[in-house]
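This note sets out several points on the structure shown below, for a colleague who wishes to read it alongside the coordinates.

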Amino acid sequence: MRARLPVAIVALASIGAAFVLLPVVALFVRAPWSRLGEALSGVGASTALRLSIEVSLAATAISVLVGVPLAWVLARGEFPGRNLLRAVVVLPILLPPVVGGVGLLVALGRSGLVGRWLHDVFGIQLTFTTAGAVLATTFVSMPLVVLATEAGLRGLDRRYERAAAAMGGSPWYVFRRVTLPMVAPQLAAGAVLTWARALGEFGATITFAGNLAGRTQTMPLAVYEARQVDPGGAIVLSLILVVISVAVLVTLGGRLTGLR
Amino acid sequence: MLAVRRAAVLFAVAVVSVGCSSSSTSTSSAAATTPLTVFAASSLTKAFTQIGQDFHTADPDVTVTFDFGSSTDLASQILSEGTADVFGSASGTAMDTLQSAPGVTDRTNFATNRLVIITPPDNPAGVTSVNDLARSGVKLVLAAEGVPVGDYARQALKNAGILAQATANVVSNEDDDASVVAKVTSGDADAAIVYTSDVASAGNTVRSVPIPSAVNVIATYPIAVVGGSAYPDQAKAFLDYVVGPTGQATLATFGFGPPSG
């Protein structure tokens with residue numbers, strides 16, 4: 001016999017579910033279906049979508065490249081200040097993205113602490129460039145792959161690594177051929193979360209990199225700008241992001257929600 | 001790990017409370033006063049904040065809260081949500097969109113503004129005239145199309161005959177006037193086109209380059225009481241205060257011209 005759920009819990013749960021679902025439904029209801037093609041071309045959807053995919057993939061690649069070693073240091077390193085380092089790494093999750101953008105601006109902008117030097121010595125200006133959008137996005141989304149991978153590393157049975165090392169494997173070889181394959185599921189889940197977060201990044205990007213179609217205007221920025229001149233177009237752009245997000249959820253299914 | 005989590009929670013609380021305290025620009029927190037909500041163009045931020053404080057001093061029973069942003073954006077918010085009592089717009093077009101619904105009353109022009117070029121103080125691209133904005137490699141920031149100051153700026157560039165070359169130099173289309181200024185004060189943009197009132201507000205964090213009258217665009221600012229306001233009398237009083245001598249003097253201090261142009 002199935003236990004009956006208390007009515008109060010069911011009622012509150014229904015409110016919670018409806019609260020999340022309603023805006024998504026409203027986007028579908030209010031979308032300008034009759035002039036969909038026109039709305040799509042009017043707001044430059046394909047340009048923004050292509051840039052969004054490029055920027056989010058680049059940000060994910062950088063996040064994995066430096067985030068996985070970071071996770072390894074956090075999980076395996078024995079040094080003072082490790083907890084402090086972890087707090088610093090997680091900080092972008094808690095910070096409002098616009099704060100990240102302002103921080104990047106005073107650090108890497110043309111007059112920033114490091115940016116001034118980059119500009120004067122190498123002639124490099126990151127603001128208003130696609131590279132700048134990638135940096136801003138990476139700042140915001142990297143913690144997710146670090147946290148997921150670190151959790152994976154902590155849960156590993158270390159006897160496999162010790163055995164590999166005992167048989168003469170170098171630390172690099174053991175990391176590559178034993179450790180990495182064993183944390184692959186957590187790493188992959190973390191990378192997907194990082195990518196999803198990167199796809200939705202807005203505040204840090206517009207603050208640091210600006211907003212220019214084809215260069216720094218990713219989908220969320222295009223949605224924001226479209227509101228002013230073409231609210232219907234903004235809905236169409238939003239729907240594209242909804243569809244992508246749902247597709248990711250469906251593809252990954254339980255693997256994503258079963259994380260932890 | 002527990003320590004980290006506790007620190008994280010503390011930090012999150014700090015962030016949230018900072019976010020809350022800065023999100024509204026209410027001039028007083030007295031409980032029994034009439035809360036008047038004024039939507040106003042981003043370019044009016046400093047002038048209206050001052051006028052709001054003066055108005056509250058003159059009439060302590062009314063507390064004015066502002067929502068500053070792009071006039072186009074604010075107009076569409078009023079259209080869909082109708083939460084404003086007074087709307088001070090940077091363009092007649094944005095005000096026009098409210099004419100039929102929810103309707104506006106006592107509409108009157110209360111200020112004018114002109115366009116000016118701003119550069120960082122060290123003027124890295126050597127911009128000395130409007131024609132320099134057409135020079136290849138100048139990093140120009142404008143407000144997006146649809147934002148009044150963005151449309152006015154494009155009109156001025158068109159008047160100068162350099163619209164195509166200058167828009168090819170645009171590195172960012174910002175969402176409102178204040179964001180455009182921020183890109184220059186941070187030193188990242190070489191030049192931007194904003195209102196003369198922005199220069200009065202920004203002080204020596206920017207350098208200004210005049211745009212000749214022949215190609216300049218005069219922005220006329222209308223103000224009106226929004227239909228359906230819960231406090232129409234107080235809204236009218238605020239409007240009269242803005243149009244009256246004290247409001248006009250404050251607007252002049254912040255670089256605005258008189259409504260006649």
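The points below concern the domains, the sheets and the contact between the chains.

1. The structure under discussion is a predicted model.

2. Domain division of chain B. Chain B falls into domain 1, comprising 33–112 + 220–253, and domain 2, comprising 115–210. Taken over C-alpha atoms, the centres of domain 1 of chain B and domain 2 of chain B are separated by 27 Å.

3. Contact between the domains. Where domain 1 of chain B meets domain 2 of chain B, 12 residues of domain 1 are in contact with 12 residues of domain 2. On the domain 1 side, α2 (45–58) and α3 (71–81) of chain B are the elements that give two or more residues. By class, this side of domain 1 of chain B has three nonpolar, eight polar and one charged residue.

4. The sheet containing β1(B). Five strands of chain B make up an open sheet in the order β2-β1-β3-β10-β4, and the pairing is mixed. Its edge strands are β2 (62–69) and β4 (104–113) of chain B, each of which pairs on one side only. Direction ignored, neighbouring strands of this sheet are turned by 20° against each other on average. Within the sheet, β1 (residues 34–41) and β3 (residues 86–88) of chain B pair in the parallel sense over three bridges. Val38(B) has Val86(B) as its bridge partner in β3(B).

5. The sheet containing β6(B). A further open sheet of chain B has five strands in the order β7-β6-β8-β5-β9, again with mixed pairing. Because β7 (170–174) and β9 (207–210) of chain B stand at the edges with a single partner strand each, one side of each has no neighbour in the sheet. From one strand to the next, the twist averages 30°. Strand β6 (residues 140–143) of chain B runs parallel to β7(B), and four bridges join the two. Val141(B) has Ser172(B) as its bridge partner in β7(B).

6. Helix α5 (residues 148–159) of chain B lies across β5 (115–119), β6, β7 and β8 (191–195) of chain B. Relative to β6(B), helix α5 of chain B runs at about 125°.

7. Contact between the chains. Chain A contributes 22 residues to the contact and chain B contributes 27 residues. On the side of chain A that touches chain B, α4 (82–94) and α11 (219–229) of chain A each supply at least two residues. This side of chain A has 11 nonpolar, seven polar and four charged residues.

Definitions and conventions. Residues are numbered from 1 along each chain as its sequence is written. Chains are lettered from A and ligands numbered from 1 in the order in which they are written. This is a predicted model: local features need pLDDT of at least 70, side-chain atom pairs count only at pLDDT 80 or more; totals for chains, interfaces and linings use all residues. Two residues are in contact if their C-beta atoms, placed from the backbone, lie within 7 Å. Ala, Val, Leu, Ile, Met, Phe, Trp, Tyr, Cys and Pro count as nonpolar, Asp, Glu, Lys and Arg as charged, and the others, Gly among them, as polar. Two strands pair if DSSP finds at least two bridges between them. Axes are lines fitted to C-alpha atoms, for helices over the stretch in contact, and angles run from 0 to 180 degrees between N-to-C directions. Domain bounds come from an automatic or database domain assignment.
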